[in-house]
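Me: I have a protein model open and would like to learn how to read it. Can we go through its features one by one?

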Amino acid sequence: MALFFHRLSRSSRNLQPLHHHLTLSLSQSIPPHLTSTPPPPKPKPSSNHHYYANSFNSSNSIRRNHELYIPSLDNSRFSYFDLIRLGQSCGFSSRSLRDEEKEKREEGVDLELRKSKSSVSGSWVDLYLPRKIRPYAHLARLDKPIGTWLLAWPCMWSITLAAPPGHLPDMKMLTLFGCGAFLLRGAGCTINDLLDRDIDTKVERTKSRPVASGALTPFQGVGFLGLQLLLGLGILLQLNNYSRILGASSLLLVFLYPLMKRITFWPQAFLGLTFNWGALLGWSAIRGSLDPAVVLPLYLSGVCWTLVYDTIYAHQDKEDDKMVGIKSTALRFGDDTKKWVSGFGIACISGLALGGYNANIGWPYYVFLAGASGQLAWQIWTVDIYSGADCSRKFVSNKWFGAIVFGGILIGRLSS
């Protein structure tokens with residue numbers, strides 16, 4: 001306030017009467033080529049009012065309305081607030097320059113924070129990988145490792161279950177199958193995007209995928225697929241002959257799965273047959289053959305598990321799928337989804353218990369299996385199938401279900 005009276009007193013020394021000051025302010029705000037216009041009407045002395053005059057912005061040559069407040073000349077009605085408004089209309093401010101500078105700095109900091117947040121909205125692929133590699137990384141879903149986990153866990157279960165009682169699983173095989181899951185999952189995504197490129201452009205969640213968006217041509221996608229399969233073949237050749245044949249036969253399922261959503265409302269079941277092939281392959285890689293009493297319950301439990309998590313996942317796209325004509329268990333089950341997936345969850349846990357029992361695994365396995373049952377029940381009964389974000393969170397949480405089961409098999413095998 002002191003700054004205001006100081007500046008007002010300085011102005012009063014340079015300008016004579018109040019009406020001369022106002023006339024001068026108006027004449028300065030109007031450009032020379034407009035000075036010939038008649039002056040504005042004088043305010044009535046009995047009441048306060050606003051006077052509007054044309055002002056000219058020289059920076060962008062735009063004419064604007066400028067508002068000057070003219071107080072009443074009746075001293076009996078002239079108040080403190082009239083003085084404040086007069087000063088503001090003449091360019092004075094009741095705030096200090098320090099306050100104004102502080103506000104500008106704060107606005108600048110907020111702007112920089114918004115810019116920094118928007119700049120890191122992309123995944124690590126967009127932030128750290130070279131520009132030419134990014135489309136291929138997105139095509140292989142490197143920024144979404146949940147698919148690799150879901151493909152790898154049945155392999156890890158089977159390899160650990162096939163280990164001799166009281167021994168750790170074969171670490172070389174765990175590493176090989178981990179790399180194989182990474183490569184095969186990427187190859188499956190590439191095949192899916194190549195076959196679904198016309199459909200993906202019509203679905204909100206998938207229209208930005210590399211092939212659908214045009215970031216990669218189909219020819220480039222096929223070349224990348226060839227590289228993925230070649231690397232996968234290098235891993236497969238390190239297994240025994242029985243496992244090589246068994247592993248190669250899974251490629252038929254990998255290529256057929258993307259077509260199932262056009263044919264049947266049960267593509268999630270077909271995905272389960274594909275994603276859990278490692279439950280068969282892991283055992284054969286250790287034992288050289290299959291034991292149906294152990295691997296079939298393990299394999300079928302994995303299929304039922306896939307029906308749970310991928311049905312939840314499919315609820316994200318059900319509206320787009322209806323328009324495009326894509327089928328899924330999410331559309332097949334509808335509002336009864338929780339009842340259906342509860343049944344599949346019970347079948348999954350039963351199969352895991354039966355496979356462990358036939359493999360003569362130790363009792364700690366069943367303790368862990370009870371914990372896995374709780375995790376599966378939690379995601380089924382708390383998922384909001386009408387919320388895409390919640391469906392995604394529950395889907396991703398299945399990596400912990402796989403980890404709990406793996407921990408149970410490991411401890412149970414060591415204690416058996």
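Me: How many residues has helix 21, and what distance does helix 21 reach from its first C-alpha to its last?
Reply: Helices (H or I, at least four residues) and strands (E, at least two) are DSSP runs, numbered from the N terminus. The expected span of a helix is 1.5 Å times one less than its number of residues. Helix 21 covers residues 398-415, which is 18 residues, and reaches 26 Å from its first C-alpha to its last, close to the 26 Å expected at 1.5 Å a residue. This is a predicted model, in which local features need pLDDT of at least 70 and side-chain atom pairs count only at pLDDT 80 or more, while totals for chains, interfaces and linings use all residues. Residues are numbered from 1 along each chain as its sequence is written, and side-chain values use heavy atoms, with hydrogens and water left out.

Me: Which residues of helix 21 are buried, and what do they pack against?
Reply: Buried means under 20% relative accessible area, exposed means over 50%, and partly exposed lies in between (1.4 Å probe, protein chains only). In helix 21 the buried residues are N398, F401, G402, V405, F406, G407, G408, I409, G412 and R413. They pack against helix 7, helix 15, helix 18 (337-358), helix 19 (364-382) and helix 20.

Me: What does T160 touch?
Reply: Contact means heavy atoms within 4.5 Å. T160 is in helix 7 and counts as buried, at 1% relative accessibility. Not counting residues up to four places away in sequence, T160 touches P169, L174, F406, I409, L410 and R413.

Me: Is W149 buried, partly exposed or exposed?
Reply: W149, also in helix 7, is partly exposed, with a relative accessible area of 41%. Its C-alpha is separated by 8.0 Å from that of A181, 32 residues apart along the chain.

Me: Why is helix 13 called largely enclosed?
Reply: Helix 13 is largely enclosed by the rest of the structure because 7 of its 9 residues are buried. Those residues are P267, Q268, F270, L271, G272, T274 and F275. Their cover includes helix 7, helix 12, helix 15 and helix 17 (329-333).

Me: How is a pocket found, and how much space lies in the largest pocket?
Reply: Rolling a probe the size of a water molecule over the atoms shows where empty space is left. On a 1 Å grid over the protein atoms alone, a cavity is a set of points where a 1.4 Å probe fits but cannot get out; a pocket is an open set with protein on both sides within 12 Å along at least five of seven lines, and lining residues have an atom within 4 Å of a point. Grid points are joined across faces, edges and corners, and a volume is the space filled by probe spheres set on the points. Here the largest pocket holds about 1200 Å³ of space.

Me: Which residues lie nearest the centre of the largest pocket?
Reply: Of the 46 lining residues, R141, N192, R205, R209 and Y313 lie nearest the centre. Elements giving two or more residues to this lining include helix 7 (146-161), helix 8 (171-195), helix 12 (241-260) and helix 13 (267-275). By class, the lining has 21 nonpolar, 11 polar and 14 charged residues. Ala, Val, Leu, Ile, Met, Phe, Trp, Tyr, Cys and Pro count as nonpolar, Asp, Glu, Lys and Arg as charged, and the others, Gly among them, as polar.

Me: Which residues have a positive phi without being glycine?
Reply: Most residues other than glycine have a negative phi, and most peptide bonds are trans. R141 has a positive phi of about 60 degrees, and N360 has one near 55 degrees. R141 sits in the loop between helix 6 (134-139) and helix 7, and is buried at 9% relative accessibility. N360 lies in the loop between helix 18 and helix 19, and is exposed at 60%.

Me: How many disulfides are there?
Reply: A disulfide is a pair of cysteine sulfur atoms within 2.5 Å. A search of the whole structure finds 0 disulfides. The sulfur of C348 is 6.7 Å from the closest cysteine sulfur, in C304, which is too far for a bond. C348 is buried, with a relative accessible area of 0%.
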